[in-house]
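Reader: I have a model open and some questions about it. Can we go through it piece by piece?
Author: Go ahead.

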Amino acid sequence: MSRIPEETIQQVIAATDIVALIGRSVKLRKAGTNYLGLCPFHNERTPSFNVSPSRNTYHCFGCGAGGTAIRFVMEHDGLSFVEAVRRLAEAAGIRIQEEVWDANAEAEAKHRSLLLRAHREIAEWFHQLLMKHKIAAPAREYLKSRGITSAVAKNWQMGYAPASSAFFREWAAQAKLPESVLVEAGLFVQSDEDSGRRGAYPRFRDRLMFPIRSDNGDVIAFSGRIIAPRENTGKYVNSPETPLFSKSKVLFGFDRSKRAISKAGEAIVCEGQIDMIMIYEAGFQNVVAGQGTAFTELHAKLLKRVCNEVVLCYDSDNAGYKAAERAFQILSPIGLTVKVASLPQGEDPDSLLRKQGNEALQAVLGNATDFLEYQIRRLRASAKSDSMVERVRMADQVAAAISVFTGVAQRITAVNKVAKLLEISEEQLTAMVNRAAKEGRNGAGGPKPEASSASIADEAKKLLASQHRTAVTLCQMALKDAEVMYWLRESDCEDLLKEVPGTELLALLVHSRHDPLEESSQLAFMAGLERHQEAAFALLQAHALRPGGVGPSGLEDAKSALYTLEIARLQSLIQGVEAKLRQRGLSAEEVERLQQHQVELIAMRKDCLDRTKPVPNSFSP
C-alpha cells in the first residue's frame, strides 16, 4: 500500500466538489444550505442522507454513514483509501507523490492495474479489428443488418474477436501480457487435461464483442455474441467472475446512463446489450441492461441509489414475462416502483426501433403500466373464461406478487386496486396475500419453489388421518349442507374444540364467516388456509359431493355427531378426575368435591349417550 502525504490528501478533499461527486450517484435536492437525498448505503423511504458543501462532508442520520469525499468513494465504489484518493486527485488534476510502505499491498495494486490494462488494451484491439480488418467483414455486415452504424460501434467501442488463436497470441506478445494474466482476467481459458488441448486458449472467438465497464468507465469484462448461428453454440459468451468483475454487481451501460437515470428519476431496464445500446442511441439515455442473468439485490440497490422507479422493457414472449416477474420480486422489496412496458408481440426494443422508429418506443414506454396490472392482463389473456373460479385463480397468483411489498400502506393500496380489477372482495384477496406472505413464496432472493402437488396431497392426507373421525364426518356434513354449517356456528362448542384432540379442521369451519351458498365466498375461505389445509377440505368436499356418495347428512345426524364429540370430551374429563382421586394426601373435602364433580360428568355423559345415534364415518384418507 502507498502512503500519501497528509497535505496532498487535504488538497484533494478541498478540490473536490462533494455535492457534484455524490450527485452523480444520489438524487439530491437543496434543503437550506445543505442537500438531501436517499441514502445509498441502506434502504429508506424518507431521505436522511445529508450533504454539506460548507463542511465538504456527508452524513446519514439513518444508518450513521458519513465522512469526506474520499470515504464516499471508498464505500460507494468499493475502493481502497489510496485508490479513492488517486481517482479524486486525477479528476482534480492533482499530482500525487507516494511513498511505498507495504510491499504486498503495492504488489496487489499493481496486479489489479495489470488486469485493467489487459482489458483496456484488448478492448481497443478488438475495436480496431472490427473497424478496419478484413477478417471482421462478416461482423460489419451483421452490424449493418441490425441498423448499427460505424458511429454507434465507435461510440460503444464494439469489437471483433477473431476465430484464430494465432491472432490473440500475436497481440499478447506485442502487449507483453503473460498467459497467466490473460487467464486470470478471463480472456483466456485454461485447458482441461481431458480435453486433449495443451495450455490456454482464447475464451472469445469469432464473436462481436461488447466491453462491460465499471461505474467509472474502466473495461472490466466482455460479452461476446455469435455473428452467425452455430449448432451447439450459445448466442452469448460472457466473462467469468474475476478480481475485477462480478456479474451480480454490474449493469451494462450504467457508467453511461447513471446521470440520465438520476435526472429522470426512472431507469429503463432491458435484457440485452444491443437493445440497451439502441435505446440509448435513440435518445432514451436512462437505460441499462442485465448481464444475461436474473436481477440480483445488488443490481436493485445500484438502481435505488439514483432513482425510485424502474420500467422493465423485456421481450413480449413468455420468457420475457417470467424475467419481468423475477425482476419485480427483487426490485420491489428494495422500495422501487416497478412498471412494465408491453412491446408488440414478436418485437424487442431494437426491432421496434428499426421497424417503427423512436415514436413507437416512446409510446410503449409512455404506456408502461404498474406490474400488477400487467400481470393481470397477461393472466386474463390466457384464462379459459372470466368466471369467478378463474378470477380467484388469477388473484391467487397476483397475491404472491403483492406479498412482496414491505409497506403496509403499499399492500393495502395494491389489494384495493387488484380487488377492483378482478371483481373480488378485498377481504378475500387479503386472505390470499397473507397466506402467500406466510408461506414465504417470495423472499428477497426471489421466489422459493412451491411444494409439489403430490407433497401437498400427502400432507393433506396426514392431516386428515390425525383428525378425530367424528370431527371429519362433521366437516363433510357442513361442506355438503349449508344448514349444518349455520347450525355449527351457532352451537356452543368452543370447549369441545379446545379440549378434544383432532378437531382443528372442524374449528376452522366453525370459526369461518364465509357464506356456504356462495361459490366466491367458499373460494375466499379456502384461499386463506394453508395449502395442505385447503387440500384436505378439497378432499372432504369432493367425497361429500360425489355422485351417489353415501354418508351422514342433515341436522339430526350433525347433532348426534356433535354429541359424540362431547362424549369424548366428557370421558377425558372423567379420566382426569379419576386420576386425581388416586393421588395420595387428599383432604376429605377435596375427595368429596372431586367425587361430586365425577358424578356430574358421568350424568352429563349419560345424557349425551341417550341423545346420540350411530353416525357412520364414510371418509377414509
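Reader: Where does Asn 367 lie?
Author: Asn 367 lies in the loop between α15 (358-366) and β18 (369-370). Helices (H or I, at least four residues) and strands (E, at least two) are DSSP runs, numbered from the N terminus. This is a predicted model, where local features need pLDDT of at least 70 and side-chain atom pairs count only at pLDDT 80 or more, while totals for chains, interfaces and linings use all residues. Residues are numbered from 1 along each chain as its sequence is written, and side-chain values use heavy atoms, with hydrogens and water left out.

Reader: Is Asn 367 buried or exposed?
Author: Asn 367 counts as exposed because its relative accessibility is 59%. Buried means under 20% relative accessible area, exposed over 50%, and partly exposed in between (1.4 Å probe, protein chains only).

Reader: How many residues apart in sequence are Asn 367 and Val 340, and how far apart in space?
Author: They are 27 residues apart in sequence and 8.7 Å apart in space, C-alpha to C-alpha.

Reader: What order do the strands have in the open sheet with mixed pairing?
Author: The order is β15-β14-β16-β17-β18, five strands in an open sheet. Two strands pair if DSSP finds at least two bridges between them. β15 (287-289) and β18 are at the edges with a single partner strand each, so one side of each has no neighbour in the sheet.

Reader: Which of those pairs run parallel?
Author: Among them, β14 (residues 266-270) and β16 (residues 309-312) run parallel, joined by four bridges, and Ile 268 stands opposite Val 311 in β16. Four bridges also join β16 to β17 (residues 337-340), again parallel, with Thr 337 in β17 as the bridge partner of Glu 309.

Reader: And in what sense do β17 and β18 pair?
Author: β17 and β18 pair in the antiparallel sense, over two bridges. Lys 339 stands opposite Asp 370 in β18.

Reader: What about the antiparallel sheet, what order does it have?
Author: That open sheet has five strands in the order β2-β3-β4-β5-β6. Its edges are β2 (29-31) and β6 (66-67), each with a single partner strand, so one side of each is left without a neighbour in the sheet. Strand β5 (residues 57-60) is joined to β6 by two bridges, and Gly 66 in β6 is the bridge partner of His 59.

Reader: Change of topic. How many aromatic pairs does a search of the whole structure find?
Author: The search finds 19. Rings of Phe, Tyr and Trp (its six-membered ring) pair if their centres lie within 6.5 Å; planes under 30 degrees apart count as stacked, over 60 as edge-to-face and the rest as tilted. One of the pairs is Trp 156 with Tyr 280, edge-to-face at 5.2 Å centre to centre and 90° between the planes.

Reader: Which parts does that pair tie together?
Author: Trp 156 is in the loop between α7 (150-155) and β8 (159-161) and Tyr 280 is in helix α11, so the pair ties together parts 124 residues apart in sequence. Trp 156 and Tyr 280 are both buried.
Author: Another edge-to-face pair is Phe 328 with Phe 405, at 5.8 Å centre to centre and 85° between the planes. Phe 328 sits in helix α13 (residues 318-331) and Phe 405 in the loop between α17 (388-402) and α18 (408-422), so this pair links parts 77 residues apart in sequence. Phe 328 and Phe 405 are buried too.

Reader: Back to Trp 156. What sits over the ring of Trp 156?
Author: The charged end of Arg 256, 4.2 Å from the ring centre. A charge sits over a ring if NZ of Lys or CZ of Arg is within 6 Å of the ring centre and within 35 degrees of the ring normal.

Reader: What else is in helix α11, and is Gln 273 buried or exposed?
Author: Gln 273 lies in helix α11 (residues 273-281). Gln 273 counts as buried because its relative accessibility is 5%. Leaving aside neighbours within four places in sequence, Gln 273 is in contact (heavy atoms within 4.5 Å) with Phe 210, Ser 223, Tyr 236, Phe 252 and Gln 291.

Reader: Last one: where does Arg 146 lie, and what is Arg 146 in contact with?
Author: Arg 146 lies in the loop between α6 (137-145) and α7. Beyond neighbours within four places in sequence, Arg 146 is in contact with Arg 225, Ile 274, Asp 350 and Arg 354. At 14% relative accessibility, Arg 146 counts as buried.
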